[in-house]
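Open the model in your viewer and keep the sequence panel beside it. The stops below give what to select and what is there.

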Amino acid sequence: MTARVGVVTFPGSLDDGDAARAVRIAGAEPVRLWHGDPDLRGVDAVVLPGGFSYGDYLRCGAIARFAPVMGTIVDAARGGLPVLGICNGFQILCEAHLLPGALTRNQHLHFRNRDQVLRIEAVGTAWTNAFQPGQEVLIPVKNGEGCYVADPATLDRLEAEGRVVARYVGGNPNGSQRDIAAITNEAGNVVGIMPHPEHAVEALTGPSLDGLGFFTSVLKHLVGAPA
(Lines give C-alpha, C1' and ligand atoms only; values in the text may rest on other atoms or scores of the structure.)
Protein backbone atom coordinates (compact mmCIF):
# COMPACT_ATOMS: atom_id res chain seq x y z
CA MET A 1 0.00 0.00 0.00
CA THR A 2 1.11 3.57 -0.67
CA ALA A 3 2.19 5.44 2.45
CA ARG A 4 -0.01 8.37 3.41
CA VAL A 5 1.80 11.46 4.70
CA GLY A 6 -0.23 14.23 6.26
CA VAL A 7 0.64 17.88 5.61
CA VAL A 8 -0.90 20.34 8.06
CA THR A 9 -2.25 23.71 6.98
CA PHE A 10 -2.35 26.44 9.61
CA PRO A 11 -3.58 30.00 8.99
CA GLY A 12 -0.45 31.60 7.51
CA SER A 13 1.16 28.40 6.18
CA LEU A 14 3.10 29.17 2.99
CA ASP A 15 4.80 25.94 2.05
CA ASP A 16 2.11 23.35 2.65
CA GLY A 17 1.55 22.96 -1.09
CA ASP A 18 5.28 22.55 -1.71
CA ALA A 19 5.52 19.97 1.07
CA ALA A 20 2.59 18.01 -0.35
CA ARG A 21 4.24 18.07 -3.77
CA ALA A 22 7.52 16.79 -2.31
CA VAL A 23 5.63 13.95 -0.62
CA ARG A 24 4.03 13.04 -3.95
CA ILE A 25 7.34 13.16 -5.85
CA ALA A 26 8.89 10.89 -3.22
CA GLY A 27 6.22 8.30 -3.96
CA ALA A 28 3.74 8.75 -1.11
CA GLU A 29 0.18 10.04 -1.02
CA PRO A 30 -0.09 13.52 0.52
CA VAL A 31 -3.08 13.99 2.82
CA ARG A 32 -4.07 17.54 3.64
CA LEU A 33 -4.76 18.11 7.35
CA TRP A 34 -6.49 21.18 8.77
CA HIS A 35 -5.28 22.93 11.92
CA GLY A 36 -8.77 23.03 13.42
CA ASP A 37 -9.50 19.32 12.96
CA PRO A 38 -7.85 16.87 15.38
CA ASP A 39 -8.44 13.90 13.04
CA LEU A 40 -5.17 12.73 11.41
CA ARG A 41 -7.15 10.61 8.92
CA GLY A 42 -5.04 7.52 9.48
CA VAL A 43 -1.80 8.97 8.06
CA ASP A 44 1.52 7.18 8.47
CA ALA A 45 3.59 10.34 9.02
CA VAL A 46 3.09 14.10 9.31
CA VAL A 47 4.84 17.20 7.95
CA LEU A 48 4.46 20.57 9.65
CA PRO A 49 5.32 23.02 6.85
CA GLY A 50 6.96 26.40 6.77
CA GLY A 51 5.20 29.76 6.88
CA PHE A 52 3.87 32.12 9.50
CA SER A 53 1.28 30.14 11.45
CA TYR A 54 -1.29 32.46 13.03
CA GLY A 55 0.80 35.39 11.75
CA ASP A 56 3.69 34.51 14.10
CA TYR A 57 1.90 36.52 16.78
CA LEU A 58 3.17 36.16 20.34
CA ARG A 59 6.09 33.89 19.25
CA CYS A 60 6.64 31.83 16.12
CA GLY A 61 4.69 28.60 16.59
CA ALA A 62 3.41 29.54 20.06
CA ILE A 63 -0.25 29.74 19.03
CA ALA A 64 -0.08 26.86 16.53
CA ARG A 65 1.10 24.65 19.36
CA PHE A 66 -2.46 24.85 20.77
CA ALA A 67 -4.26 24.04 17.51
CA PRO A 68 -6.62 21.06 17.81
CA VAL A 69 -4.57 19.04 15.31
CA MET A 70 -1.43 19.48 17.40
CA GLY A 71 -2.91 17.76 20.42
CA THR A 72 -3.36 14.63 18.32
CA ILE A 73 0.05 14.99 16.67
CA VAL A 74 1.85 15.36 20.01
CA ASP A 75 0.25 12.18 21.34
CA ALA A 76 0.92 10.29 18.11
CA ALA A 77 4.55 11.49 17.95
CA ARG A 78 5.15 10.27 21.48
CA GLY A 79 3.78 6.93 20.28
CA GLY A 80 6.25 6.77 17.39
CA LEU A 81 4.53 8.60 14.49
CA PRO A 82 7.19 10.17 12.23
CA VAL A 83 6.86 13.98 12.27
CA LEU A 84 8.95 16.45 10.27
CA GLY A 85 8.80 20.15 11.15
CA ILE A 86 10.22 22.50 8.51
CA CYS A 87 11.11 26.10 9.45
CA ASN A 88 7.90 27.30 11.16
CA GLY A 89 7.16 23.61 11.73
CA PHE A 90 10.46 23.33 13.63
CA GLN A 91 9.39 26.28 15.75
CA ILE A 92 6.05 24.59 16.46
CA LEU A 93 7.77 21.34 17.51
CA CYS A 94 9.88 23.26 20.01
CA GLU A 95 6.87 25.15 21.35
CA ALA A 96 5.03 21.82 21.72
CA HIS A 97 8.02 20.40 23.65
CA LEU A 98 8.50 17.57 21.18
CA LEU A 99 11.99 19.00 20.63
CA PRO A 100 14.18 20.93 23.08
CA GLY A 101 15.39 24.48 22.70
CA ALA A 102 13.88 27.38 20.78
CA LEU A 103 14.20 29.34 17.54
CA THR A 104 14.83 33.07 18.02
CA ARG A 105 15.50 36.15 15.88
CA ASN A 106 18.47 35.80 13.55
CA GLN A 107 21.48 37.26 15.33
CA HIS A 108 22.05 39.86 12.60
CA LEU A 109 18.33 40.79 12.74
CA HIS A 110 17.90 40.33 8.99
CA PHE A 111 15.80 37.86 7.02
CA ARG A 112 17.99 35.35 5.16
CA ASN A 113 16.99 33.71 1.89
CA ARG A 114 19.72 31.74 0.12
CA ASP A 115 20.82 28.30 -0.98
CA GLN A 116 22.63 26.74 1.96
CA VAL A 117 25.03 23.82 2.29
CA LEU A 118 24.25 21.45 5.17
CA ARG A 119 26.19 18.51 6.53
CA ILE A 120 24.02 15.56 7.52
CA GLU A 121 25.29 14.20 10.83
CA ALA A 122 22.55 11.84 12.05
CA VAL A 123 21.31 9.24 9.57
CA GLY A 124 19.46 6.99 11.99
CA THR A 125 16.27 9.08 12.07
CA ALA A 126 13.01 8.40 10.27
CA TRP A 127 13.71 11.38 8.01
CA THR A 128 17.44 11.02 7.20
CA ASN A 129 18.17 7.32 6.66
CA ALA A 130 18.59 7.88 2.90
CA PHE A 131 21.74 9.95 3.49
CA GLN A 132 25.32 9.01 4.32
CA PRO A 133 27.01 10.29 7.50
CA GLY A 134 28.81 13.54 6.70
CA GLN A 135 27.03 13.95 3.35
CA GLU A 136 26.74 17.58 2.26
CA VAL A 137 23.51 18.76 0.67
CA LEU A 138 22.35 22.03 -0.86
CA ILE A 139 18.96 23.21 0.36
CA PRO A 140 17.31 26.66 0.45
CA VAL A 141 17.04 28.51 3.74
CA LYS A 142 14.61 31.39 4.30
CA ASN A 143 13.96 32.66 7.80
CA GLY A 144 13.96 35.66 10.06
CA GLU A 145 13.75 33.71 13.32
CA GLY A 146 15.89 30.66 12.63
CA CYS A 147 18.55 30.98 15.31
CA TYR A 148 18.51 27.76 17.32
CA VAL A 149 19.29 28.27 21.00
CA ALA A 150 19.34 26.02 24.07
CA ASP A 151 21.10 25.95 27.41
CA PRO A 152 24.62 24.46 27.43
CA ALA A 153 23.48 21.24 29.11
CA THR A 154 20.86 20.64 26.42
CA LEU A 155 23.34 21.37 23.65
CA ASP A 156 25.86 18.98 25.21
CA ARG A 157 23.18 16.29 25.52
CA LEU A 158 22.16 16.68 21.87
CA GLU A 159 25.79 16.31 20.84
CA ALA A 160 26.46 13.33 23.11
CA GLU A 161 23.32 11.48 22.01
CA GLY A 162 23.91 12.09 18.30
CA ARG A 163 20.74 14.14 17.97
CA VAL A 164 22.17 16.99 15.91
CA VAL A 165 20.77 15.99 12.51
CA ALA A 166 22.39 18.66 10.33
CA ARG A 167 24.72 21.64 10.62
CA TYR A 168 25.30 24.69 8.47
CA VAL A 169 28.46 24.56 6.32
CA GLY A 170 30.16 27.49 4.63
CA GLY A 171 28.60 30.14 6.83
CA ASN A 172 25.89 30.19 9.47
CA PRO A 173 22.89 32.13 8.08
CA ASN A 174 21.22 32.95 11.38
CA GLY A 175 23.68 32.50 14.26
CA SER A 176 22.33 29.16 15.45
CA GLN A 177 24.36 27.79 18.33
CA ARG A 178 26.96 25.23 17.23
CA ASP A 179 25.81 25.76 13.62
CA ILE A 180 22.76 23.57 14.28
CA ALA A 181 20.32 23.40 11.38
CA ALA A 182 18.27 20.36 12.45
CA ILE A 183 17.75 18.17 15.50
CA THR A 184 15.80 15.05 16.45
CA ASN A 185 14.10 13.66 19.54
CA GLU A 186 15.49 10.69 21.47
CA ALA A 187 13.48 8.15 19.47
CA GLY A 188 14.49 9.58 16.08
CA ASN A 189 10.92 9.83 14.76
CA VAL A 190 10.58 13.62 15.22
CA VAL A 191 12.91 15.94 13.30
CA GLY A 192 12.93 19.72 13.11
CA ILE A 193 14.88 21.43 10.33
CA MET A 194 15.16 25.15 9.64
CA PRO A 195 16.11 24.97 5.90
CA HIS A 196 13.52 23.83 3.35
CA PRO A 197 14.08 20.37 1.81
CA GLU A 198 10.72 20.61 0.02
CA HIS A 199 12.23 23.34 -2.18
CA ALA A 200 15.01 21.04 -3.41
CA VAL A 201 13.14 18.14 -4.99
CA GLU A 202 12.97 19.18 -8.67
CA ALA A 203 15.69 20.33 -11.05
CA LEU A 204 13.41 22.97 -12.58
CA THR A 205 12.79 24.91 -9.38
CA GLY A 206 15.42 23.91 -6.82
CA PRO A 207 19.17 24.35 -6.48
CA SER A 208 19.47 20.54 -6.23
CA LEU A 209 17.46 17.37 -5.66
CA ASP A 210 19.07 16.92 -2.24
CA GLY A 211 15.90 17.62 -0.28
CA LEU A 212 14.13 14.60 -1.70
CA GLY A 213 16.12 12.33 0.62
CA PHE A 214 14.18 13.56 3.63
CA PHE A 215 10.92 12.38 2.10
CA THR A 216 12.19 9.10 0.68
CA SER A 217 13.75 8.39 4.09
CA VAL A 218 10.40 8.30 5.84
CA LEU A 219 9.05 5.87 3.24
CA LYS A 220 12.01 3.59 3.86
CA HIS A 221 11.44 3.93 7.59
CA LEU A 222 7.76 3.04 7.27
CA VAL A 223 8.54 -0.07 5.24
CA GLY A 224 10.89 -1.27 7.96
CA ALA A 225 8.66 -0.26 10.89
CA PRO A 226 6.83 -3.03 12.75
CA ALA A 227 3.20 -3.46 11.70
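Select Ser13: this residue is buried because its relative accessible area is 15%, where buried means under 20% relative accessible area with a 1.4 Å probe, protein chains only. Ser13 sits in the loop between strand S1 (4-9) and H1. A polar atom of the Ser13 side chain lies 2.8 Å from the backbone nitrogen of Phe10.

The model is predicted: local features need pLDDT of at least 70 and side-chain atom pairs count only at pLDDT 80 or more, while totals for chains, interfaces and linings use all residues. Residues are numbered from 1 along each chain as its sequence is written, and side-chain values use heavy atoms, with hydrogens and water left out.

Now show the surroundings of Ser13. Leaving aside neighbours within four places in sequence, Ser13 is in contact (heavy atoms within 4.5 Å) with Val8, Pro49, Gly50 and Gly51.

Next, select Asn88, in helix H3 (residues 88-95); helices are DSSP runs of H or I with at least four residues, strands are runs of E with at least two, and both are numbered from the N terminus. Asn88 counts as buried, at 1% relative accessibility. Beyond four places in sequence, the contacts of Asn88 include Pro49, Gly50, Gly51 and Phe52.

Last, select helix H1 (residues 16-26) and helix H5 (residues 212-224). Which residues make the contact between H1 and H5? From H1 they are Ala22, Val23, Ile25 and Ala26, and from H5 Leu212, Phe215, Thr216 and Leu219.

Notes:
Buried means under 20% relative accessible area, exposed over 50%, partly exposed in between (1.4 Å probe, protein chains only). A polar contact is a pair of N or O atoms within 3.5 Å; within protein, one must be able to donate a hydrogen and the other to accept it, and residues adjacent in sequence count only if both atoms are side-chain atoms.
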